[in-house]
Amino acid sequence: MSERVTASKFQWSDLVKKEDWWAIWLGFTFILIQIISQVTGAFTFKAVKTHKGWETIGQAFDGIFPGLILLLVVTGILFTIGVKVMGGDAGKFAKAYPAIFILALIAYFFSTQATIKNYLGYAFWALGIGLLISNTIGTPDWIKPAVKTEYYIKTGLVILGAEILFSNIVKFGLYGLGVAWFVTPIVVIFMWYFGTRVLKMVSKPMVIIIATATSVCGVSAAIAAAAASRAKKEDLTFAIGLTLIFTVIMMVTMPLFVSAVGMDPMVGGAWMGGTIDATGAVVLAGEALGPLAGQVAAMVKMIQNVLIGVIAFAIAIFFATKVDREEGGPSVGASEIWHRFPKFILGFIAASVLFSFIIEPSLGTDATKSILKMTKGFRGWFFCMAFISIGLESNFKEMAALVQGGKPLWLYIVGQSFNLVLTLLVAWLLLSGVIFPVPNLVV
Amino acid sequence: MKKNAAPSGKFKIASVVALIATLLAVGYVIVYDPTDFRDEPYGAGDYYYTDVEGFGEIFLGENASIGTEHPVIFAVLFIGWGAICWYFLKKIEKKRKEDSTP
């Protein structure tokens, strides 16, 4: 059976014994390292990976081996300390961790290749490599101690929290709020209704993950929703698989369609920003239509990126108080909500608050950008190792049971279609000049 | 579809056809690159805004904002709309549980 992303009852010893809390401590350790690096300038510690756009193997690994070894050693030591304190077998974890690290490096290697880099990111390759191993030769027993999906995901999510700057939500003013915040919850609610009432999907976390990935921002939103809803790993795998393949199609077809019908670039940009899942794909598609559409698309997507924090928190509360509560059971009190609540979300939110209200105002936007440029690398590595772990723990037989005749696929298709229509309507109402004045953007 | 019924054969066939068509489209896009994206530094593998090359200028630069002249209206709309949606989501879930109880 698959483990579920955990939420556990609280005791003071949990602060050092539970994975949720260790994810917070580790996440903040990596954040703190980068803040100290930025403020003092005394050292640089970068989460290196293969060079993007390589055409030969030599180009891919040019000059990165010292940085890779340092990254392996430091992350390995910190994760091992966590495992040891939590009561795990630190020795076995330490021996297995380099294997997970190397597999993640291979995923990065493929994802940064010149032809592939625009279309299939590390999540695809990491899941693929893990699934290939587990379903052919089988996951070797000696690697299993380091196959710790939740540990890596939660730590990565706490670091992701730092990247959620609340100041960015006002970037596009009331226009952006309309396109991003008006549409997003409606799509989530529609997909929740469609998935649970019409399709009658068995896995409720899978419904909310697919809904969040579709309406917010793809893989990163799916990860946050999975952790907040205590989803099974297979649920996350399906949601990510769907968002990855449809992102490739949408990022290519939408700019072609917008151009073909002569749509206003501002409306087209907002439409793409509100519907294409991956942020990089939004920028790519927006730029294909020109600087104005590119800027509008990026700003709408930025607001959705920030919404991850709000939505992950809402999902955690929704599942703790409503979905996981038995019908007819007692109402859920504050202490029970606290018991059920995934604690690492607190670290995720704390990191966001720290960077939004303390780091950015005190150090300035440029220094904040420099810190985030470094922390994002660690977050990416931990997510990549989490996807490797998911693949290594999954087998096709168990996954087949979750296919449910293709219901997840139809949930995505119907939900995304609804998202496309509603976002286009709202973008047109707000940005075409028919009702409201057209915003004056500098490009 | 009947309550809790397994998907029908037609539903499964439609799913397989949709999946194959989607995968073929993805394959076509990657192989033929119809929008000529290959020289661009961005892509579908940039999952969050900070993953995008040059994110500082694109998302946090001076031009990447028109701000809002109405912060109070902005905050009220943000919180108010969130509260309305939260109410409806709870209602839907409550109704689902009531309907699923024998």
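The model is predicted. Two packed helices are described by the angle between their axes and the distance between the axes.

| Helix pair | Angle between axes | Axis distance |
|---|---|---|
| H14(A) and H16(A) | about 155° | 11 Å |
| H9(A) and H11(A) | roughly 25° | within 9 Å |
| H8(A) and H14(A) | roughly 35° | within 10 Å |

**H14 and H16**

Start with helix H14, residues 291-323 of chain A, and helix H16, residues 344-363 of chain A. Their axes pack at an angle of about 155°, so H14(A) is roughly antiparallel to H16(A). The crossing is left-handed. From H14(A) come A:Ile308, A:Gly309, A:Ala312 and A:Phe313. They meet A:Ile345, A:Phe348 and A:Ile349 of H16(A). Six residues of this contact are nonpolar, one is polar and none is charged.

**H9 and H11**

Helix H9 spans residues 204-215 of chain A, and helix H11 spans residues 233-260 of chain A. The axes of H9(A) and H11(A) cross at roughly 25°, which means that H9(A) is roughly parallel to H11(A). This crossing is right-handed. H9(A) brings A:Pro205, A:Met206, A:Ile209, A:Ile210 and A:Ala213 to the contact. Residues of H11(A) in the contact include A:Asp235, A:Leu236 and A:Phe238. By class, there are nine nonpolar residues, one polar and one charged.

**H8 and H14**

H14(A) also packs with helix H8, residues 173-198 of chain A. H8(A) passes H14(A) in a right-handed crossing. Among the H8(A) residues in this contact are A:Gly176, A:Leu177, A:Trp181 and A:Trp192. On the H14(A) side, A:Val300, A:Gln304, A:Phe318 and A:Phe319 are among those that take part. The contact of H8(A) with H14(A) holds 13 nonpolar residues, three polar ones and no charged ones.

**Where chain B meets chain A**

How many residues of chain B are in contact with chain A? There are 70, and they touch 94 residues of chain A. The size of an interface is often given as the accessible area lost when the parts come together. Between chain B and chain A, about 7000 Å² is buried. Carbon and sulfur atoms give 71% of that area. In chain B, the residues that lose the most area to chain A are B:Phe37, B:Tyr47 and B:Tyr48. Together they account for 13% of what the chain B side buries.

Charged side chains meet here too. Three salt bridges are found across the interface of chain B and chain A. B:Asp99 and A:Arg197 form a salt bridge through their side chains, at 2.4 Å from N to O.

Conventions. Residues numbered from 1 in each chain as written. Chains lettered and ligands numbered in written order. Predicted model: local features only at pLDDT ≥ 70, side-chain atom pairs only at ≥ 80, totals over all residues. Heavy atoms only, no water. Axes fitted to C-alpha atoms, helices over the stretch in contact; angles between N-to-C directions. Helix = DSSP H or I, 4+ residues; strand = E, 2+ residues; numbered from the N terminus. Parallel < 35°, antiparallel > 145°, perpendicular 65-115°, else oblique. Left-handed = near helix turned anticlockwise from the far one by under 90°. Contact = heavy atoms within 4.5 Å. Nonpolar A, V, L, I, M, F, W, Y, C, P; charged D, E, K, R; others polar. Buried area = accessible area lost by both parts, 1.4 Å probe. Salt bridge = Lys/Arg side-chain N within 4 Å of Asp/Glu carboxyl O.
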